Amino acid sequence: MDFEIFYGLNGVHFDKSKIASIDGLNGELIYRGYDIRELAIDATFEEVVYLLWYAELPKKAELEKFTADLRSRYKIPEGVIKVLRELPKDTHPMHAIRTGISALASFDKQADDLEMDNIHRIGSKLVAQFPAIVAAFYRIREGKEIIEPDETLSIAANFLYMFNGEKPSQAATHVMDTALILHAEHGSNASAFVCRATASSLTDVYSAVTAAMASLKGKLHGGANTAVMKALEEISSVAGVEDYVLKTLSMPGGRVMGFGHRVYKVLDPRAVILKKVSHNLAEESGDSKWFEMSVEMERVMDLEMDKKGKQIKPNVDFYSASVYRMLGFPGDMYTPIFAVARISGWMAHLYEQYANNRLMRPRLVYEGQRGLKFKAVSER
Ligand code: CMC
C-alpha cells in the first residue's frame, strides 16, 4: 500500500490552536490577535505571558495580581541548587538547566496533579523560576555567589540582576523584555510540538517541559543562537565573513546558522526587530563589531542564495546572538535565555493540550524484512 510520507512533518496540521499565527509568506507573527511588532516595543514580558495564557491583555489590577503572584514564586528550592552544584562546571548549560527543571518535580508534592488549576500553578512557577535556574547555574560554574531573586523587579530585570549581580539599567531591561517577548511563542515549532506530544500521554507538566528543553537544545532549533555566536567569534572580523560563508556553503550539506526557516519564506519579523535592537546597542555601546559582522553575513548570504534561486533569510536566532553579546551574556548561555522566554509559550500549549487531549500516536511506514525465522545463538 502507498502512504504519503511528510518528512519532518512538513505541512502537517495536528490540532487547532488559538495561541499564535505565523504568516510565512508575509513575514507576520501574531500572538492572540496582536502583531508581534507592537508587542515587542510597547509591552512587558509579563503582559505577553498573560496574553498568551488568558487570550487577552490584562487590565491594570489583573496585571498587578499576576505579576505579584509570579514574583512570589521567584525563589528556587535549595535542593535544586544542590543538584546544580553537583554538576561538572563544564556541563553544557542546556544539560544543566534541563536537569534543574526536571529536578523541580521532586520538590513539588503536586507534580502529577493534572487538574487545570494545578497546571496553571506549575506554569506560573516555571515562568518565575526558569530565570533563577539559568542564573544560578551560570554563577555556580563561574565560581560566583548565587544572587537571590529580587521580588521588586520584573522578570527581565530580575534575570539580568541574578545573572550579573548588578541592578540593570532601564534600557537593558527594555532590551531584555523585547528579546523575551520575541522568543515567547512560535506555534508548532519542534520543542512546542515535543511538549504537546509528551503531555499527550497524560504525563506531568515537568516531564513535558523537560522534553521540550531537550528539543530546544538542538542547533536546528534553539541551539542555533549559540552556533551563530560561535561562528562570529571564530570569524572575528567583518573581512573574514565572506570567506566563512562561501566555505560553509561549499561543504556538503553546509548550513550557515541563524538562516532559513521551515515556515518563513521571507524575512522573519522577529529578526527585523532584533536587527534594529542590535543596531541601537552597537551605536550606544560603541562596540559595533558583532552587528557589522552580522550585517555582512546577511549581505553575503543574500547574494549567494539569490544565485541559487533560494529564499534563505535570517531567523530569530541570527540577530539575537549579537544582541545577547552586547548585553554581556556568554555565547553558550543564549539557548537557556531562549528557554527563559519560551517556557511561556510551552505552557500556553500545555493548557490547550491538557484541555483537549488525545494521545499523539502517528505511524511509520515499515520497510524492513519479513518472514525471517529465529535461530538459536549457537546456529547464527
Ligand atoms: N544555510 C544554507 N542553506 C540552507 C540553510 C542555511 N541555514 N537553511 C536551509 N538551507 C537550504 C537547504 O540546504 C536546502 O537546500 P536544498 O533544497 O538544495 O537541499 C533548502 O534550503 C531547504 O532546507 P531544509 O533543511 O529542507 O528546510 P527545513 O525547513 O527542513 O529547515 C531549518 C529549516 C531551520 C532547519 C534550516 O533552515 C536550517 O538548518 N537553518 C540553520 C539552523 C537555524 O538557524 N535554526 C534556527 C531556526 S529558527 C528558530 C528556532 O526554531 O529556534
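So, the aromatic cluster: Tyr138, Phe159, Phe163, Tyr324, Phe329 and Tyr334 form one together. Rings of Phe, Tyr and Trp (its six-membered ring) pair up if their centres lie within 6.5 Å, and planes under 30 degrees apart are stacked, over 60 edge-to-face, the rest tilted. Quick note: this is a predicted model, where local features need pLDDT of at least 70 and side-chain atom pairs 80 or more, while totals for chains, interfaces and linings use all residues. Residues are numbered from 1 along each chain as its sequence is written, and side-chain values use heavy atoms, leaving out hydrogens and water.

Okay, how many aromatic pairs do we get by this rule? The count is 16. Take tryptophan 53 and tyrosine 54: their ring centres are 6.5 Å apart with planes at 75°, so that's edge-to-face. Is tryptophan 53 buried or exposed? Buried, at 6% relative accessible area, where buried means under 20%, exposed over 50%, and partly exposed in between (1.4 Å probe, protein chains only). Tyrosine 54 is partly exposed, at 35%.

Phenylalanine 159 is buried at 0% relative accessible area, and phenylalanine 163 is buried at 1%.

Now, charges over rings, meaning NZ of Lys or CZ of Arg within 6 Å of the ring centre and within 35 degrees of the ring normal. Lysine 167 puts its charged end over the ring of tyrosine 161, 4.9 Å from the centre. Lysine 289 has its charged end over tryptophan 290's ring, 4.8 Å from the centre.
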